[in-house]
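Me: Hey, can you walk me through this one? I'd like to go piece by piece.

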Amino acid sequence: MATVEAGQDNGGGITLRGLKKTYRTPRGPVEAVRDVNAHVRVGETVALLGPNGAGKSTTVDMLLGLQEPDDGSVDLFGGPPQRAVVAGRIGAMLQDGGVLRDLTVRELLAMMAALYPAPLDVDEALRLARLSELADRRTERLSGAETQRLRFAVALASDPDLLVLDEPTVGMDVESRHAFWTTVRELSQAGKTFLFATHYLEEADEYADRVLLMAHGRIVADGPPNEIKAIVGARTIRATLPGVPAATLAHLPGVTTAERRGDTVVLVCSDSDTALRELLATQPRARDIEVRGAGLEEAFLQLTGVEEEVAA
Amino acid sequence: MSDTLAYARYELRRTFRNRRLYILSLAFPLALYYAIATPNRAEHSIGGTGIAAPIYVMVGLTAFGTMNAVVGCGARIAAERAVGWNRQLRLTPLSTRTYFRVKVLTAYVMAVLTIVLLYAAGATLGVRLAAADWLRMTALILIGLAPFAAIGILFGHLLTPDSIGPAIGGTTAFFALLGGVWFPVTHGAMHAVAEGLPSYWLVQAGHVGLGGQGCGAAGWAVVAAWTVACAALARRAYERDTRRV
């Protein structure tokens, strides 16, 4: 569960060592990234998973050389980010980005391709991003989901070895999402390395070989998706059930912890199905029952041991 | 160099696709020219400069129109920044130098169009000059525009699309008024201030060969100082600009 040892496989992949970044804001300094150490091997697909504000985008920015870390270093394919960028080995979809207007989809991709030493064929980029039919449309007339696909195509323009995708599927519908990940798999099988930041556990679980779990500016867990899912995938059961001590409920099978908030009880479960059956069998007066995923934020608070009351 | 050309080609294509912008920026000085110069077309020595009104106003509005065209490139930069495009560009081999070169080139293409249009308008009001004088005047105006290109890029990297319109309008109006675009600024405190402004020398540059007194070393020194200072500030603004906005 500790961070992966850097050292093996140097010269390839991504190595982040002791990254730190503090922003000065009017309300005082904010430590966006406190200490990030990670290594991604060539050909891996790695998810950087964390809730909003965990420091994912700042980490991505430093990895790409868009921001200088206050401390620590980034190594991409054996050199600084800038060298990999100039060589066209990096493609990125940045968060909240748009595209230039007053050009067609094809023109924008041709414009970007012209900047690189060995670009991907524009038609191939169009095909991979499923934009072939929209090639002659002006970029300002694309829908949100189509714009996301174009941004993906732009990331592919240099025919990069590493693709860094910051929340790539935000704004995509289910179908676009599915098609997007299918393409990612295709490219991954062709040997490309992917690092994607997301706050969707499902995406990390389904599409990553490995998940880096990030919270409060640190990588708090690093492992295969199923391991991470067990950590953050806990569900809670809520019910209105006056008069039953929390300690009694905490002993139900499948329940990890139980807490009382007025007439409501909150059960954090390792196995919510079993816990629910037991609850119904033993406490017939329980009503207003609600089962839901704990949500990344709550899971992270437990995980990082931050002693704050989690708002309901 | 080839990436400069490729990138410039698409930049220009984008500029001319945005019809409203370029038609307005060309039509505005043209309309002003006729509005000011037509009633004064018989004036042979405007403000005692020895320059006839149609030429004086033509040069003044050329200065104003080109100034606007060049500073206006900042608005396009601000719009690109607003969608994070500058961050995307930082992930390409496109160098800062090439990026600036292309922005300046695009701005100058708009400036040259403005010049051609206003010269043609001048000719319709009887402005006649030797070919060498047209060329000399044009060359000097283009050099005199350098600080304004830097100001445009600086604004583009400092301001948002919302705030840049008024900033550009106010700045060019101020520079135009004190620079003697509308009426000659020949003496007094205004003249003393004007001599420190690049717009004054832009207008003077346009007057060389038309009976005006020209720029002189002091004038070019002012232009050079503004160019260097604004370019340095623009570069700094560009380099800090990769942060998320």
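Me: Okay, how much of chain A counts as buried?
Reply: Of its 312 residues, 45% count as buried. A residue is buried if 20 or more other C-beta atoms lie within 10 Å of its own, exposed if 12 or fewer, and partly exposed in between, with C-beta atoms placed from the backbone. Keep in mind that this is a predicted model, where local features need pLDDT of at least 70 and side-chain atom pairs count only at pLDDT 80 or more, while totals for chains, interfaces and linings use all residues. As for labels, residues are numbered from 1 along each chain as its sequence is written, and chains are lettered from A and ligands numbered from 1 in the order in which they are written.

Me: What secondary structure does chain A have?
Reply: Chain A has 11 helices and 13 strands. Those are DSSP runs, numbered from the N terminus: helices are H or I with at least four residues, strands are E with at least two.

Me: And which domains?
Reply: The domain assignment, which is automatic or from a database, gives domain 1 (14-231) and domain 2 (234-293) of chain A. Taken over C-alpha atoms, their centres are 40 Å apart.

Me: Switching to the core: which residues have the most contacts inside the largest one?
Reply: They are L49(A), L109(A), A153(A), A157(A), V164(A), L212(A) and L213(A), in a nonpolar core of 82 residues. A nonpolar core here is a set of buried Ala, Val, Leu, Ile, Met, Phe, Trp, Tyr and Cys residues joined through C-beta atoms within 7 Å. There's also a second, separate core of 62 residues, which includes A107(B) and C215(B).

Me: What about L195(A), where is it?
Reply: L195(A) is in strand β7 (residues 193-198) of chain A.

Me: Why does L195(A) count as buried?
Reply: Because it has 24 C-beta neighbours inside 10 Å.

Me: Which residues does L195(A) contact?
Reply: Leaving aside neighbours within four places in sequence, L195(A) contacts I14(A), V40(A), V46(A), L48(A) and V164(A). Two residues are in contact if their C-beta atoms, placed from the backbone, lie within 7 Å. The C-alpha atoms of L195(A) and E44(A) are 8.1 Å apart, although 151 residues separate the two along the chain.

Me: At what angle do α4(B) and α9(B) pack?
Reply: About 170°, with the axes of α4 (residues 73-82) and α9 (residues 161-179) of chain B 9 Å apart. Axes are lines fitted to C-alpha atoms, for helices over the stretch in contact, and angles run from 0 to 180 degrees between N-to-C directions.

Me: Last one: how many residues of each chain are in contact where A meets B?
Reply: 23 residues of chain A are in contact with 21 residues of chain B. On the chain A side, α3(A) gives the most, with three residues.
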